[in-house]
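Hi,

Here is the structure for you to look through. My notes follow below it.

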Amino acid sequence: MAMLAEAKPIISSLNLVKVGKVNKNLPMELYSGVYKGKVVNLLLNGKCSTHGVDHIGTQAATLGAHLGIEKFSPNMVINAGTAGGFLHDGASVGDVYLSHPIVCFHDRRINLPNFKEYGIGNYPCYPSTNLAKELGLKLGVVSTGNSLDFNTFDKNLMKSYNGVVKDMEAAAIAWVAQLYSTPFIAIKAITDIVDGDIPTEEEFLLNLSEASKKLGEKTLELLAII
Ligand code: ADE
């Protein structure tokens, strides 16, 4: 997970214990526990020591995913977080999506043969149609980039693979999971409507706490049945 605010409801409902850093040089912080007989290792990206904010985005996501998979060899990698949704997909703030059937990058535009597809990524997700039905969740292609804002280039690329959930980590983590042949799924609660009227940063901050609560509830349900 990327932000402490997103993780807090899960940490407290699962009574996860803060273990601390896994590698003294890296900012990632580990919280650990057992839920319904399953070991849960929640690896948070930690804070930037220069700016004092959570490490969001693909660099920390890649590093954290590698650290966690190397250390724990998990049966499954779950990227839980918040994301932007789209009116054109019927999204509302508080909706929760499972990534399906792929996650992609929308800001790696490389207009060269084969590099174009490489940039988009197209990483597979654990099949989640039945999980979504059982948990009352939406399904959609999660699309990752390193900016909170949105531009026409991102929009056109997202359209090309039917991306409907915009985040900043999923595809980076999915890439590492694919390298390790570990099943991957993203669960994303919507904080803001990308093609709506309210400025994204305003809507994101307004809804972060409520969406994170919803994310926590649904992540627990997912952990229980997976
Ligand atoms: N996380 C929450 N809202 C987001 C958005 N609109 N874009 C990227 N990441 C987000």
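Leaving aside residues up to four places away in sequence, Leu215 touches Met1, Glu6, Ala80, Gly81, Ile187, Lys188 and Ala189; contact means heavy atoms within 4.5 Å. This is a predicted model: local features need pLDDT of at least 70, side-chain atom pairs count only at pLDDT 80 or more, and totals for chains, interfaces and linings use all residues. Residues are numbered from 1 along each chain as its sequence is written, and side-chain values use heavy atoms, with hydrogens and water left out.

Leu215 sits in helix α7 (residues 200–225). Helices are DSSP runs (H or I, at least four residues), and strands are too (E, at least two), numbered from the N terminus. Leu215 is buried, at 0% relative accessible area; buried means under 20%, with a 1.4 Å probe and protein chains only. Its C-alpha is 7.4 Å from that of Ala80, 135 residues away in sequence.

Now to α2. Helix α2 (residues 58–72) packs on helix α6 (residues 170–179) at about 30 degrees, axes 8 Å apart. Axes are lines fitted to C-alpha atoms over the stretch in contact, and angles run from 0 to 180 degrees between N-to-C directions. That makes α2 roughly parallel to α6 (angles under 35 degrees count as such). On the α2 side, the contact uses Thr58, Ala61, Thr62, Ala65, His66 and Ile69. Ala172, Ile173, Trp175, Val176 and Ala177 supply the α6 side.

The buried residues of α2 include Gly64, Leu67 and Gly68. Ser73 follows α2, with a positive phi near 40 degrees.

Best wishes

Technical notes: Angles under 35 degrees count as roughly parallel, over 145 as roughly antiparallel, 65 to 115 as roughly perpendicular and the rest as oblique. Buried means under 20% relative accessible area, exposed over 50%, partly exposed in between (1.4 Å probe, protein chains only).
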